[in-house]
Amino acid sequence: MSGTDDLAAWIAPGRTAVLVVDMQVDFASPDGVLGAFIDMGVVKPALAAAEKLVADARAAGAPVVFVGLWTTPETDSAAWNERLRRRGGNPDVDAALCRAGQAGSEFYGPQPAPGEPVVRKTRYSAFVGTDLDQRLRDMGVDTLVVAGLTTECCVDSTVRDAFDLDYHVFVAADACAAYEVDLHEASLKVMELNSAILTDTAAIADAWKGAA
């Protein structure tokens with residue numbers, strides 16, 4: 001990063017959208033499916049950082065897009081289910097995350113404001129099988145600031161696809177989390193190496209001060 005002045009130009013609100021990825025009950029709440037066997041305390045700081053990021057984006061006039069996983073038995077992937085079986089799992093249980101119409105699919109932490117775009121996906125990447133790319137193009141967006149869960153899975157997949165679609169991608173590292181710290185750190189390192197510029201919510205807020 002060359003400095004705050006560069007960041008302010010690179011993520012100017014007129015060209016930038018914030019993507020909040022998969023901050024949902026089943027992935028983040030102690031009451032969700034994964035909360036039964038994962039200590040969700042590890043994701044709490046990222047949820048708080050994402051809430052601040054969303055508030056700062058709104059104040060600066062940058063659009064915020066919420067992305068979530070909504071699944072049904074009909075949209076479940078046969079390849080994913082077979083992989084679960086081959087690894088000794090039970091797809092009827094292990095694939096039943098963020099089921100549409102159930103509490104586990106509800107957003108947890110930052111919440112969409114009325115009128116803000118919500119993108120429903122059925123795969124890791126926010127771009128696969130959705131109209132996210134077209135929505136962003138229609139908004140005049142060429143730059144993304146990405147936050148969400150989990151760093152090594154849906155955040156990473158979304159960032160890679162965004163970069164391959166020729167977006168300028170920034171990852172708000174403190175507004176992302178994985179359930180294991182080493183996975184989070186390794187994934188950030190890989191994204192920085194290949195497809196994104198790492199930053200944090202404090203630097204983003206500072207860059208947006210003039211626009212607020």
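Colleague: Which strands does helix 7 (residues 151-164) lie across, and at about what angle does helix 7 run to strand 4?

Modeller: Helices (H or I, at least four residues) and strands (E, at least two) are DSSP runs, numbered from the N terminus. Axes are lines fitted to C-alpha atoms, for helices over the stretch in contact, and angles run from 0 to 180 degrees between N-to-C directions. Contact means heavy atoms within 4.5 Å. Here helix 7 lies across strand 1, strand 3, strand 4 and strand 5, at about 165° to strand 4. Helix 3 lies across strand 1, strand 2, strand 4 and strand 5, and runs at about 135° to strand 5.

Colleague: What should I know about the model itself?

Modeller: This is a predicted model, in which local features need pLDDT of at least 70 and side-chain atom pairs count only at pLDDT 80 or more, while totals for chains, interfaces and linings use all residues. Residues are numbered from 1 along each chain as its sequence is written, and side-chain values use heavy atoms, with hydrogens and water left out.

Colleague: In what order do the strands form the sheet?

Modeller: Two strands pair if DSSP finds at least two bridges between them. The open sheet has 6 strands in the order 3-2-1-4-5-6, with parallel pairing. Strand 3 (118-121) and strand 6 (197-199) are the edge strands, each pairing on one side only. On average, neighbouring strands are turned by 25° against each other, direction ignored. Strand 1 and strand 4 pair over 6 bridges, and A17 stands opposite L144 in strand 4.

Colleague: Which residues touch the most other members of the largest nonpolar core?

Modeller: In soluble globular proteins, nonpolar side chains tend to be buried together. A nonpolar core is a set of buried Ala, Val, Leu, Ile, Met, Phe, Trp, Tyr and Cys residues joined through side-chain atoms within 4.5 Å. Buried means under 20% relative accessible area, exposed over 50%, partly exposed in between (1.4 Å probe, protein chains only). The largest core has 37 residues, and I11, V18, L53, V145 and W208 touch the most other members. Helix 3 gives the largest share, 8 residues. Leaving aside residues up to four places away in sequence, W208 touches residues including I11, V18 and L53. A second, separate core of 26 residues includes C153.
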